[in-house]
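Take a look at the chain below. This report starts with the whole and then turns to single residues.

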Amino acid sequence: MAQVDTDRFLRDLNELRKIGEYKTGVHRPTFSPEDMESRRWLMDRMRECGLEASMDGIGNVFGRHPGPGPHLLVGSHIESQNQAGWLDGALGVMAGVALARAGLPVDVVAFADEEGHYGSFIGSRSLIGLLEESEIDTLTNRYHGKPLRQALREAGLEGLPRPRLDPARYKGFFEMHIEQGTQLESQNLRSGVVTGIVAIWQFRLIIEGMQDHAGGTTMAERKDAGLTAVRLLARIDKEFPMLCGARTVWTCGRIALDPGAPSIIPGRAEVLFQIRDIDTAVLERLERCMRSVVQEMNRTERTVTTVEVMSQSKPAPCDPAMQAALAEAATRHANGQWQHMPSGAGHDAQYMARVMPAAMIFTPSINGISHHWAEDTKEEDLALNIRIMADAAEAFLNG
């Protein structure tokens, strides 16, 4: 079995943590000076492991194993959300470096902008040919509006090639990640073998009423889009539990009222609503329910609601053979302390799964915290899971 240097693995993680350090977490927004420093640092670590390091025109960092195959691809991302955690993404990349250092034939990748500062998974989509130049022309930073083209130029990436991944080179893709939830910790478990990555269906609910004076318009006369939005969401929240799956989640991420003044009845409301599940049939059932609720309320309310589909991704099941290798290794290293579980968050693995077998392993998140500087995982759990992953990777390669 491959012998992973867990002490070096933890040292690498903590050294990377110092780049863009923020409280106990990091602040490394995509293409920021801190992010680019971390990418150059990573390339040095890759070269130390004997990998051929490069960076492409969208910021993906790639470490290519020079020896014969079969090969695995291992990685994640190293940019962060703003003032966020030190392990989200970085854990998966440094796990790949640890496997390469242990002598396994792996290529290591740090995908660009998984966190979506400029777009949706632009790094992993670029590698599989799903990011067109025309889309790059339209993307801007969601926080401060800087065009992606300008950010690439300032980061020194303009003009660099964006090569396509060759799926035939790989037997599969592994990604290690923190759970970003409480399921493992709440059950005193130390590892999670991921069964698949959920689909995310996003909708815009637009409610049209009548803007009017808050003092002069009686309650009987009002066409209040804001109150309709509240009643609509309450009704959906009442109906969904009777139709959802065991791990279905739904979220209202934003309610925008127009004009949004305290003394004006809102004439328009816009609601961003999202459903996540690993089962497409469940998502379809919930969408039908949502549309039925909207239809019924359009008969009883003084307002009119329309539904716009923003996006409907597909679930990404993890490869059974790779899951089995992870499960066998987890049983060997943590018997009775691991479980199969779906991923409720999106990951680059869902795009790799479109072109090759893919699998993920989760470490526990202390208090379930993620996307916050207090995010953390016990060092002994990090060390345990890199051993599980190394054994599984070797077994899968030899299988």
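## Terms and overview

Helices and strands are runs assigned by DSSP and numbered from the N terminus; a helix has at least four residues and a strand at least two. By that scheme, phenylalanine 31 sits in the loop between β2 (25–26) and α2 (33–48).

This is a predicted model. The chain holds 12 helices and 17 strands. Its radius of gyration is 23 Å, close to the 21 Å that the globule rule gives for 399 residues, so the chain is as compact as a globular protein of that length. Along the principal axes, the C-alpha atoms fill a box of roughly 75 × 50 × 40 Å.

## Inside and surface

Of the 399 residues, 54% count as buried. Take the contacts between residues at least 6 apart in sequence: 78% of them join residues at least 24 apart.

The accessible surface comes to about 16900 Å². Carbon and sulfur atoms account for 49% of that surface. The chain carries 42 positive and 53 negative side chains. The centres of these two sets lie 2 Å apart.

## A serine and a glutamate

Is serine 124 buried or exposed? Its relative accessibility is 0%, so serine 124 counts as buried. Serine 124 belongs to helix α4 (residues 122–127). Its side chain makes a polar contact of 2.8 Å with the side chain of aspartate 348. Beyond its neighbours within four places in sequence, serine 124 also touches other residues, including Asn60, Phe111 and Tyr351.

Glutamate 21 is in strand β1 (residues 21–22). Glutamate 21 counts as exposed because its relative accessibility is 54%, and the cut-off for exposed is over 50%. Lysine 314 is 293 residues away along the chain, and its C-alpha atom is 35 Å from that of glutamate 21.

## Backbone details

Which peptide bonds are cis? One joins glycine 69 and proline 70, with omega about 5°. Proline 70 lies in the loop between β4 (61–64) and β5 (71–77). Another runs from aspartate 258 to proline 259, with omega near 10°. Proline 259 is in the loop between β11 (249–258) and β12 (264–265).

Phenylalanine 31 is not a glycine, yet its phi is positive, near 70°. At 8% relative accessibility, phenylalanine 31 counts as buried. Asparagine 367 also has a positive phi, about 60°, without being a glycine. Its place is the loop between β17 (358–363) and α12 (379–398). Asparagine 367 counts as exposed, at 57% relative accessibility.

Notes:
Residues numbered from 1 in each chain as written. Predicted model: local features only at pLDDT ≥ 70, side-chain atom pairs only at ≥ 80, totals over all residues. Heavy atoms only, no water. Rg over C-alpha atoms; globule rule 2.2 N^0.38 Å. Buried < 20%, exposed > 50% of the residue type's maximum accessible area, 1.4 Å probe, protein only. Contact = heavy atoms within 4.5 Å. Areas by Shrake-Rupley, 256 points an atom, 1.4 Å probe, with all protein chains shown as cover. Lys, Arg positive; Asp, Glu negative; His and termini not counted. Charge placed at Lys NZ, Arg CZ, Asp CG, Glu CD. Polar contact = N/O pair within 3.5 Å; in protein donor to acceptor, adjacent residues only side chain to side chain.
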